[in-house]
Amino acid sequence: MSQTYDVAVVVGSLRKASWTRKVAQTLIDLAPPSLRCEIVDWSEVQVFNQDTEANPPAANAAFKDRIGKAQAVLFATPEYNRSVPGGLKNALDVASRPYGDSAWSGKPAAVVSVTPGALGAFGANHHLRRSLVFV
């Protein structure tokens, strides 16, 4: 009996026709049947505010819950100013809080960075991996 793994795919670009989203969708299409990959929408996630940790906005709670249920995460990110998009970093923070209750904990993760440039979005890839080591 083969097991199916739930993989949350977090795309750093919200633009519907972005290169990053197209690459993520291609990876989903190429994934073996043992991986159930789903792009997780974070477009409604509000800016993290520690004052709302005990009672987070509904979109923040729903995003964290979906990440918590995933068995692995694939990040696909573009590069903005040699780093990750601010909204993606915010989503990462939202699902990692409060301290000690991170939805990312213990999950295998992979990072794909996308750019038409020669450096392969190295800055975004590097910064995202640095954040993931902590959360």
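Modeller: Helix 2 gives the largest share of the lining of the second largest pocket: three residues. Keep in mind that this is a predicted model.

Biologist: How do the residues of its lining divide by class?

Modeller: Six are nonpolar, three polar and three charged. Phe-48 is in the lining, and it counts as nonpolar because Phe is on the nonpolar list. Lys-64 lines the pocket too, and it counts as charged because Lys is on the charged list.

Biologist: What is the volume of the largest pocket, and which residues lie nearest its centre?

Modeller: Its volume is about 180 Å³. The lining has 13 residues, with Ser-96, Tyr-99, Ser-102, Phe-134 and Val-135 nearest the centre. Helix 3 gives the most, four residues. Helix 3 and helix 4 each supply at least two. By class, the lining has four nonpolar, five polar and four charged residues.

Biologist: Which residues of helix 3 are buried, and what do they pack against?

Modeller: Helix 3 covers residues 86-96, and its buried residues include Leu-88, Leu-92, Val-94 and Ser-96. The buried residues pack against strand 1, helix 2, strand 3 and helix 4.

Biologist: Why is Ala-76 called buried?

Modeller: Buried means under 20% relative accessible area. Ala-76 has 1% relative accessibility, so it counts as buried. Ala-76 lies in strand 3.

Biologist: What is Ala-76 in contact with, beyond its neighbours within four places in sequence?

Modeller: Val-10, Val-11, Gly-12, Thr-20, Ala-24 and Val-112. Contact means heavy atoms within 4.5 Å, so each of these has a heavy atom within that distance of Ala-76. Val-23 is 53 residues from Ala-76 in sequence, and the two C-alpha atoms are 7.8 Å apart.

Biologist: Why is Asn-81 called exposed?

Modeller: Exposed means over 50%. Asn-81 has a relative accessible area of 78%, so it is exposed.

Biologist: Is Arg-82 buried or exposed, and how do you know?

Modeller: Its relative accessibility is 51%, which is over 50%, so Arg-82 counts as exposed. Asn-81 lies in the loop between strand 3 and helix 3, and Arg-82 lies in that loop too. Neither is a glycine, yet phi is positive: about 50° for Asn-81 and near 65° for Arg-82.

Biologist: What kind of peptide bond joins Arg-97 and Pro-98?

Modeller: A cis peptide bond, with omega about -5°. Pro-98 lies in the loop between helix 3 and strand 4.

Biologist: In what order do the elements of the protein run?

Modeller: There are four helices and four strands. From the N terminus on, the order is β-α-β-α-β-α-β-α.

Biologist: How do you know that the protein is as compact as a globular protein of its length?

Modeller: The radius of gyration is 15 Å. The globule rule gives 14 Å for 135 residues. The two values are close, so the protein is as compact as a globular protein of that length.

Biologist: What share of the residues counts as buried?

Modeller: 42% of the 135 residues. Each has under 20% relative accessible area, because that is what buried means.

Note on methods. Residues numbered from 1 in each chain as written. Predicted model: local features only at pLDDT ≥ 70, side-chain atom pairs only at ≥ 80, totals over all residues. Heavy atoms only, no water. Buried < 20%, exposed > 50% of the residue type's maximum accessible area, 1.4 Å probe, protein only. 1 Å grid on protein atoms, 1.4 Å probe; cavity = no way out; pocket = protein on both sides within 12 Å on 5 of 7 lines; lining within 4 Å. Points joined across faces, edges and corners; volume = space filled by probe spheres on them. Rg over C-alpha atoms; globule rule 2.2 N^0.38 Å.
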